[in-house]
Amino acid sequence: MADSFDVLGDYWHAVATSASLESGVFSVRLMQKDYVLWRSSDAQIVAALDSCTHRQAPLSKGTLENGCLRCPYHGWLFGNEGHCLEVPSASEGLPIPPKANLSPFFVEEKYGLIWMCPGKPRTSIPEVAADSDESFTRINTDMQIWNVDSTRMIDNMLDISHFPYTHRGTFGIEQETVVPKIKLEQLDDNYYGYGYEVKINNVGSTKIMSGGGSDVIKLFMTTGFTLPFSVLSTMSYETGVEQKLFMTAAPIEEGRSIYIFVLWRNDDVETLVEPGRTIANEVLELELAVVLEDQMMLEKLQGQLPLERGELVDVQSDKPSLEWRRRYKELVSS
Ligand code: FES
Ligand SMILES: [Fe+2]
(Lines give C-alpha, C1' and ligand atoms only; values in the text may rest on other atoms or scores of the structure.)
(Ligands and ions follow the chains in the order given, each with its own letter.)
Protein backbone atom coordinates (compact mmCIF):
# COMPACT_ATOMS: atom_id res chain seq x y z
CA MET A 1 0.00 0.00 0.00
CA ALA A 2 2.71 2.46 1.03
CA ASP A 3 4.55 1.66 -2.22
CA SER A 4 1.51 2.46 -4.31
CA PHE A 5 1.17 5.76 -2.45
CA ASP A 6 4.75 6.62 -3.49
CA VAL A 7 3.75 6.37 -7.15
CA LEU A 8 0.30 7.90 -6.68
CA GLY A 9 2.01 10.90 -5.10
CA ASP A 10 3.10 11.91 -8.58
CA TYR A 11 -0.50 12.26 -9.77
CA TRP A 12 -3.11 14.96 -9.24
CA HIS A 13 -5.82 14.33 -6.67
CA ALA A 14 -8.95 16.39 -6.05
CA VAL A 15 -8.71 17.09 -2.32
CA ALA A 16 -11.22 19.88 -1.82
CA THR A 17 -13.72 22.07 -3.61
CA SER A 18 -13.16 25.77 -4.26
CA ALA A 19 -16.11 26.37 -1.94
CA SER A 20 -14.40 24.53 0.94
CA LEU A 21 -11.61 27.13 0.95
CA GLU A 22 -14.01 30.07 1.11
CA SER A 23 -14.56 29.80 4.83
CA GLY A 24 -10.87 29.80 5.73
CA VAL A 25 -8.15 27.29 6.48
CA PHE A 26 -8.76 23.78 5.22
CA SER A 27 -7.12 20.56 6.32
CA VAL A 28 -7.09 17.40 4.32
CA ARG A 29 -5.56 13.97 4.69
CA LEU A 30 -4.21 12.42 1.52
CA MET A 31 -2.36 9.12 1.40
CA GLN A 32 -1.67 9.05 5.13
CA LYS A 33 -0.32 12.59 5.34
CA ASP A 34 -2.05 15.70 6.65
CA TYR A 35 -2.02 18.91 4.64
CA VAL A 36 -3.14 22.45 5.23
CA LEU A 37 -4.58 24.55 2.41
CA TRP A 38 -5.52 28.19 2.29
CA ARG A 39 -5.98 30.98 -0.21
CA SER A 40 -3.21 33.51 0.24
CA SER A 41 -3.34 37.26 -0.41
CA ASP A 42 -2.21 36.82 -4.04
CA ALA A 43 -5.38 34.66 -4.55
CA GLN A 44 -3.20 31.57 -5.05
CA ILE A 45 -3.75 28.48 -2.97
CA VAL A 46 -0.99 27.33 -0.65
CA ALA A 47 -0.82 23.59 0.13
CA ALA A 48 1.72 22.49 2.70
CA LEU A 49 2.18 19.80 5.32
CA ASP A 50 -0.11 20.50 8.24
CA SER A 51 2.90 20.88 10.48
CA CYS A 52 4.57 24.12 11.49
CA THR A 53 8.28 24.32 10.71
CA HIS A 54 8.90 25.47 14.30
CA ARG A 55 7.42 22.79 16.60
CA GLN A 56 5.14 20.89 14.21
CA ALA A 57 1.89 22.36 15.49
CA PRO A 58 -1.07 21.74 13.15
CA LEU A 59 -1.26 24.92 11.08
CA SER A 60 -4.84 24.08 10.12
CA LYS A 61 -5.77 25.04 13.69
CA GLY A 62 -4.30 28.49 13.10
CA THR A 63 -6.01 31.67 11.99
CA LEU A 64 -6.04 33.57 8.73
CA GLU A 65 -4.98 37.22 8.76
CA ASN A 66 -5.43 38.90 5.37
CA GLY A 67 -4.45 35.78 3.48
CA CYS A 68 -1.59 34.90 5.86
CA LEU A 69 -1.78 31.93 8.19
CA ARG A 70 -0.78 32.36 11.84
CA CYS A 71 0.35 29.25 13.71
CA PRO A 72 -1.72 28.70 16.87
CA TYR A 73 1.32 27.74 19.00
CA HIS A 74 3.88 30.62 18.91
CA GLY A 75 2.27 32.76 16.27
CA TRP A 76 4.67 32.45 13.35
CA LEU A 77 3.04 33.93 10.27
CA PHE A 78 3.08 32.33 6.81
CA GLY A 79 2.18 34.16 3.62
CA ASN A 80 2.27 33.70 -0.15
CA GLU A 81 3.94 30.47 -1.26
CA GLY A 82 4.26 29.50 2.41
CA HIS A 83 6.95 32.07 3.19
CA CYS A 84 7.48 32.73 6.87
CA LEU A 85 6.93 36.45 7.35
CA GLU A 86 7.01 36.86 11.08
CA VAL A 87 8.54 35.22 14.15
CA PRO A 88 6.95 37.21 16.98
CA SER A 89 9.49 36.12 19.63
CA ALA A 90 12.49 37.42 17.64
CA SER A 91 13.79 40.95 18.11
CA GLU A 92 13.08 43.25 15.24
CA GLY A 93 15.55 43.14 12.39
CA LEU A 94 16.70 39.59 13.05
CA PRO A 95 16.56 37.54 9.84
CA ILE A 96 14.03 34.74 9.58
CA PRO A 97 15.79 31.42 8.99
CA PRO A 98 15.06 30.25 5.41
CA LYS A 99 14.13 26.82 6.78
CA ALA A 100 11.18 28.46 8.52
CA ASN A 101 9.40 28.69 5.15
CA LEU A 102 6.85 26.01 4.40
CA SER A 103 7.51 23.79 1.39
CA PRO A 104 4.48 24.22 -0.84
CA PHE A 105 3.10 21.43 -2.99
CA PHE A 106 1.75 21.58 -6.53
CA VAL A 107 -1.81 22.79 -6.34
CA GLU A 108 -4.29 23.91 -9.02
CA GLU A 109 -7.91 24.85 -9.27
CA LYS A 110 -10.01 23.30 -12.02
CA TYR A 111 -13.75 22.62 -12.37
CA GLY A 112 -14.39 24.19 -8.98
CA LEU A 113 -12.09 21.61 -7.42
CA ILE A 114 -8.74 21.97 -5.73
CA TRP A 115 -6.23 19.51 -7.14
CA MET A 116 -3.04 18.66 -5.33
CA CYS A 117 0.02 16.66 -6.28
CA PRO A 118 2.27 15.85 -3.33
CA GLY A 119 5.14 14.78 -5.63
CA LYS A 120 6.03 15.79 -9.19
CA PRO A 121 3.07 15.54 -11.57
CA ARG A 122 3.60 12.89 -14.22
CA THR A 123 0.39 13.80 -16.06
CA SER A 124 -2.01 16.72 -16.20
CA ILE A 125 -5.31 17.07 -14.34
CA PRO A 126 -8.02 14.93 -16.03
CA GLU A 127 -9.54 16.82 -18.92
CA VAL A 128 -13.28 17.49 -19.17
CA ALA A 129 -13.93 19.20 -22.50
CA ALA A 130 -17.48 20.23 -21.50
CA ASP A 131 -16.01 22.69 -19.04
CA SER A 132 -14.85 24.96 -21.86
CA ASP A 133 -17.93 24.31 -24.00
CA GLU A 134 -20.37 27.20 -23.68
CA SER A 135 -23.42 25.04 -24.25
CA PHE A 136 -22.72 23.27 -20.94
CA THR A 137 -23.29 24.53 -17.40
CA ARG A 138 -21.29 23.13 -14.54
CA ILE A 139 -22.93 21.99 -11.31
CA ASN A 140 -20.61 21.44 -8.37
CA THR A 141 -21.22 19.30 -5.30
CA ASP A 142 -19.60 19.08 -1.88
CA MET A 143 -16.66 16.87 -1.19
CA GLN A 144 -17.55 13.60 0.54
CA ILE A 145 -15.56 11.18 2.69
CA TRP A 146 -16.30 7.50 2.16
CA ASN A 147 -15.08 4.57 4.22
CA VAL A 148 -14.19 2.80 1.00
CA ASP A 149 -10.89 2.16 -0.72
CA SER A 150 -10.39 4.24 -3.90
CA THR A 151 -9.78 1.06 -5.90
CA ARG A 152 -13.25 -0.21 -4.99
CA MET A 153 -14.79 3.12 -5.95
CA ILE A 154 -13.33 3.04 -9.45
CA ASP A 155 -14.44 -0.57 -9.89
CA ASN A 156 -17.95 0.58 -9.04
CA MET A 157 -17.89 3.65 -11.29
CA LEU A 158 -16.98 1.45 -14.27
CA ASP A 159 -19.61 -1.16 -13.53
CA ILE A 160 -23.14 -1.05 -14.91
CA SER A 161 -24.26 -4.50 -13.82
CA HIS A 162 -25.03 -3.18 -10.33
CA PHE A 163 -27.62 -0.67 -11.63
CA PRO A 164 -30.72 -2.92 -11.33
CA TYR A 165 -29.82 -3.92 -7.77
CA THR A 166 -27.86 -1.18 -6.02
CA HIS A 167 -29.88 1.55 -7.75
CA ARG A 168 -33.33 0.02 -7.62
CA GLY A 169 -34.38 2.89 -5.34
CA THR A 170 -33.60 5.48 -8.02
CA PHE A 171 -33.17 4.78 -11.73
CA GLY A 172 -32.38 1.04 -11.86
CA ILE A 173 -34.84 -1.36 -13.47
CA GLU A 174 -34.86 -4.75 -11.84
CA GLN A 175 -35.73 -6.65 -15.05
CA GLU A 176 -32.91 -5.08 -17.02
CA THR A 177 -30.03 -7.18 -15.70
CA VAL A 178 -28.25 -8.45 -18.81
CA VAL A 179 -25.30 -6.30 -19.84
CA PRO A 180 -24.71 -6.33 -23.61
CA LYS A 181 -21.26 -7.21 -24.93
CA ILE A 182 -18.84 -4.51 -23.93
CA LYS A 183 -16.35 -3.18 -26.44
CA LEU A 184 -13.59 -1.18 -24.83
CA GLU A 185 -12.06 1.65 -26.79
CA GLN A 186 -10.29 4.96 -26.50
CA LEU A 187 -13.30 7.29 -26.12
CA ASP A 188 -11.29 10.46 -26.71
CA ASP A 189 -7.78 11.70 -25.99
CA ASN A 190 -8.24 11.19 -22.27
CA TYR A 191 -10.68 8.44 -21.39
CA TYR A 192 -10.65 4.74 -22.08
CA GLY A 193 -13.92 2.92 -21.74
CA TYR A 194 -17.08 1.93 -23.53
CA GLY A 195 -20.37 3.09 -24.92
CA TYR A 196 -23.65 1.33 -24.16
CA GLU A 197 -27.38 1.65 -24.09
CA VAL A 198 -29.28 1.27 -20.83
CA LYS A 199 -32.96 1.17 -20.04
CA ILE A 200 -33.82 3.32 -17.08
CA ASN A 201 -36.83 4.22 -14.99
CA ASN A 202 -37.81 7.66 -16.23
CA VAL A 203 -40.15 8.96 -13.58
CA GLY A 204 -40.07 11.85 -11.14
CA SER A 205 -36.66 13.50 -10.93
CA THR A 206 -35.26 11.20 -13.60
CA LYS A 207 -37.77 12.61 -16.08
CA ILE A 208 -36.59 16.10 -15.31
CA MET A 209 -33.01 14.96 -15.69
CA SER A 210 -33.71 13.40 -19.09
CA GLY A 211 -35.74 16.32 -20.40
CA GLY A 212 -38.99 14.28 -20.72
CA GLY A 213 -40.08 11.14 -22.61
CA SER A 214 -41.90 7.98 -21.53
CA ASP A 215 -41.67 6.28 -18.11
CA VAL A 216 -39.02 3.81 -19.25
CA ILE A 217 -36.48 5.12 -21.71
CA LYS A 218 -33.32 4.05 -23.44
CA LEU A 219 -30.31 6.13 -22.76
CA PHE A 220 -26.96 6.14 -24.52
CA MET A 221 -24.05 6.34 -22.16
CA THR A 222 -20.29 6.27 -22.32
CA THR A 223 -18.10 5.56 -19.35
CA GLY A 224 -14.36 5.91 -19.39
CA PHE A 225 -11.52 6.17 -16.93
CA THR A 226 -8.28 8.02 -16.67
CA LEU A 227 -5.67 6.82 -14.21
CA PRO A 228 -5.53 6.70 -11.36
CA PHE A 229 -9.04 7.32 -10.00
CA SER A 230 -11.21 9.43 -12.33
CA VAL A 231 -14.18 8.44 -14.43
CA LEU A 232 -16.20 10.47 -16.89
CA SER A 233 -19.65 9.24 -17.75
CA THR A 234 -21.75 10.90 -20.44
CA MET A 235 -25.47 10.44 -20.79
CA SER A 236 -27.20 11.33 -24.03
CA TYR A 237 -30.99 11.35 -23.98
CA GLU A 238 -33.29 11.19 -27.02
CA THR A 239 -34.50 14.64 -26.05
CA GLY A 240 -31.09 16.12 -26.95
CA VAL A 241 -30.27 16.67 -23.31
CA GLU A 242 -26.75 15.65 -22.43
CA GLN A 243 -25.17 15.25 -19.05
CA LYS A 244 -21.54 14.64 -18.15
CA LEU A 245 -20.77 13.18 -14.78
CA PHE A 246 -17.18 13.38 -13.63
CA MET A 247 -16.28 11.33 -10.56
CA THR A 248 -12.99 11.25 -8.82
CA ALA A 249 -11.61 9.51 -5.75
CA ALA A 250 -8.50 10.25 -3.72
CA PRO A 251 -7.08 7.86 -1.12
CA ILE A 252 -6.99 9.18 2.44
CA GLU A 253 -5.57 5.85 3.56
CA GLU A 254 -6.43 2.23 2.84
CA GLY A 255 -10.20 1.82 3.04
CA ARG A 256 -10.98 5.53 3.21
CA SER A 257 -11.28 8.04 0.39
CA ILE A 258 -12.33 11.48 -0.72
CA TYR A 259 -15.11 11.36 -3.28
CA ILE A 260 -16.20 14.30 -5.42
CA PHE A 261 -18.46 14.46 -8.43
CA VAL A 262 -19.15 17.30 -10.84
CA LEU A 263 -21.93 17.58 -13.43
CA TRP A 264 -22.22 19.45 -16.69
CA ARG A 265 -25.50 19.75 -18.58
CA ASN A 266 -26.48 21.28 -21.89
CA ASP A 267 -30.00 22.35 -20.87
CA ASP A 268 -30.99 25.46 -18.96
CA VAL A 269 -30.43 24.20 -15.43
CA GLU A 270 -31.95 27.33 -13.90
CA THR A 271 -35.37 26.55 -15.37
CA LEU A 272 -37.95 26.18 -12.63
CA VAL A 273 -39.63 22.78 -12.32
CA GLU A 274 -41.82 24.10 -9.53
CA PRO A 275 -41.76 27.34 -7.55
CA GLY A 276 -38.33 27.79 -5.98
CA ARG A 277 -36.93 24.59 -7.47
CA THR A 278 -34.72 24.45 -10.54
CA ILE A 279 -33.63 21.62 -12.83
CA ALA A 280 -30.21 21.90 -11.17
CA ASN A 281 -31.76 21.31 -7.70
CA GLU A 282 -33.70 18.32 -8.98
CA VAL A 283 -30.77 16.71 -10.80
CA LEU A 284 -28.44 17.26 -7.89
CA GLU A 285 -30.83 15.67 -5.45
CA LEU A 286 -31.25 12.65 -7.67
CA GLU A 287 -27.51 12.24 -8.28
CA LEU A 288 -26.85 12.53 -4.55
CA ALA A 289 -29.41 9.79 -3.90
CA VAL A 290 -27.76 7.57 -6.55
CA VAL A 291 -24.31 8.21 -5.11
CA LEU A 292 -25.55 7.43 -1.60
CA GLU A 293 -26.79 4.04 -2.86
CA ASP A 294 -23.27 3.30 -4.09
CA GLN A 295 -21.70 4.51 -0.85
CA MET A 296 -24.04 2.39 1.30
CA MET A 297 -23.14 -0.69 -0.74
CA LEU A 298 -19.41 -0.06 -0.99
CA GLU A 299 -18.97 0.70 2.70
CA LYS A 300 -19.90 -2.93 3.31
CA LEU A 301 -16.76 -4.05 1.44
CA GLN A 302 -13.45 -4.30 3.24
CA GLY A 303 -10.04 -2.98 2.20
CA GLN A 304 -8.53 -2.73 -1.26
CA LEU A 305 -9.92 -4.33 -4.39
CA PRO A 306 -7.78 -7.40 -5.09
CA LEU A 307 -5.71 -6.50 -8.13
CA GLU A 308 -4.13 -9.79 -9.14
CA ARG A 309 -5.74 -11.56 -12.07
CA GLY A 310 -7.74 -14.53 -10.86
CA GLU A 311 -8.20 -13.23 -7.32
CA LEU A 312 -11.74 -12.16 -8.15
CA VAL A 313 -14.27 -13.86 -10.36
CA ASP A 314 -14.83 -11.64 -13.37
CA VAL A 315 -17.58 -11.92 -15.94
CA GLN A 316 -18.15 -10.14 -19.24
CA SER A 317 -19.61 -7.04 -17.58
CA ASP A 318 -16.42 -6.65 -15.51
CA LYS A 319 -14.26 -6.08 -18.57
CA PRO A 320 -13.83 -2.33 -17.95
CA SER A 321 -12.79 -2.92 -14.35
CA LEU A 322 -10.40 -5.67 -15.43
CA GLU A 323 -8.71 -3.29 -17.84
CA TRP A 324 -8.53 -0.53 -15.24
CA ARG A 325 -6.95 -2.99 -12.78
CA ARG A 326 -4.40 -4.09 -15.37
CA ARG A 327 -3.36 -0.50 -16.10
CA TYR A 328 -3.51 0.60 -12.48
CA LYS A 329 -1.30 -2.32 -11.41
CA GLU A 330 1.18 -1.36 -14.10
CA LEU A 331 1.10 2.24 -12.91
CA VAL A 332 1.65 1.55 -9.22
CA SER A 333 4.47 -0.86 -9.95
CA SER A 334 6.22 1.60 -12.26
S1 FES B 1 4.91 25.53 16.39
FE2 FES B 1 4.24 27.00 15.01
S3 FES B 1 5.00 28.81 15.77
FE4 FES B 1 5.80 27.34 17.11
FE1 LIG C 1 -23.63 3.08 -8.94
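**View 1. The centres of domain 1 and domain 2 lie 33 Å apart, taken over C-alpha atoms.** The protein chain is divided into domain 1 (2-117) and domain 2 (129-332), with bounds from an automatic or database domain assignment. The contact takes 17 residues from domain 1 and 16 residues from domain 2; two residues are in contact if their C-beta atoms, placed from the backbone, lie within 7 Å. This is a predicted model, in which local features need pLDDT of at least 70 and side-chain atom pairs count only at pLDDT 80 or more, while totals for chains, interfaces and linings use all residues. Residues are numbered from 1 along each chain as its sequence is written, and chains are lettered from A and ligands numbered from 1 in the order in which they are written.

**View 2. The side of domain 1 that touches domain 2 draws at least two residues from each of α1 (2-8), β1 (13-17) and β2 (26-30).** Helices (H or I, at least four residues) and strands (E, at least two) are DSSP runs, numbered from the N terminus. β1 gives the largest share of this side, five residues. By class, the side has ten nonpolar, six polar and one charged residues. Ala, Val, Leu, Ile, Met, Phe, Trp, Tyr, Cys and Pro count as nonpolar, Asp, Glu, Lys and Arg as charged, and the others, Gly among them, as polar.

**View 3. Strands β14 (residues 192-201) and β15 (residues 216-226) run antiparallel and are joined by ten bridges.** Two strands pair if DSSP finds at least two bridges between them. Val198 stands opposite Leu219 in β15.

**View 4. Strand β16 (residues 230-236) pairs with β15 in the antiparallel sense over seven bridges.** A hairpin of three residues joins β15 to β16, and Met221 has Met235 of β16 as its bridge partner. Five of the seven residues of β16 are buried, so this strand is largely enclosed by the rest of the structure. A residue is buried if 20 or more other C-beta atoms, placed from the backbone, lie within 10 Å of its own, exposed if 12 or fewer, and partly exposed in between.

**View 5. β16 also pairs with strand β17 (residues 242-253), antiparallel and over seven bridges.** Val231 stands opposite Met247 in β17. The hairpin of β16 and β17 has five residues between the strands, and Gly240 there takes a positive phi near 95°.

**View 6. Helix α5 (residues 279-298) carries the buried residues Ile279, Glu282, Val283, Val290, Glu293, Asp294 and Leu298.** They cover an arc of only 150° around the axis, which puts them on the same side of α5; the arc is that of the directions from the helix axis to the C-beta atoms.
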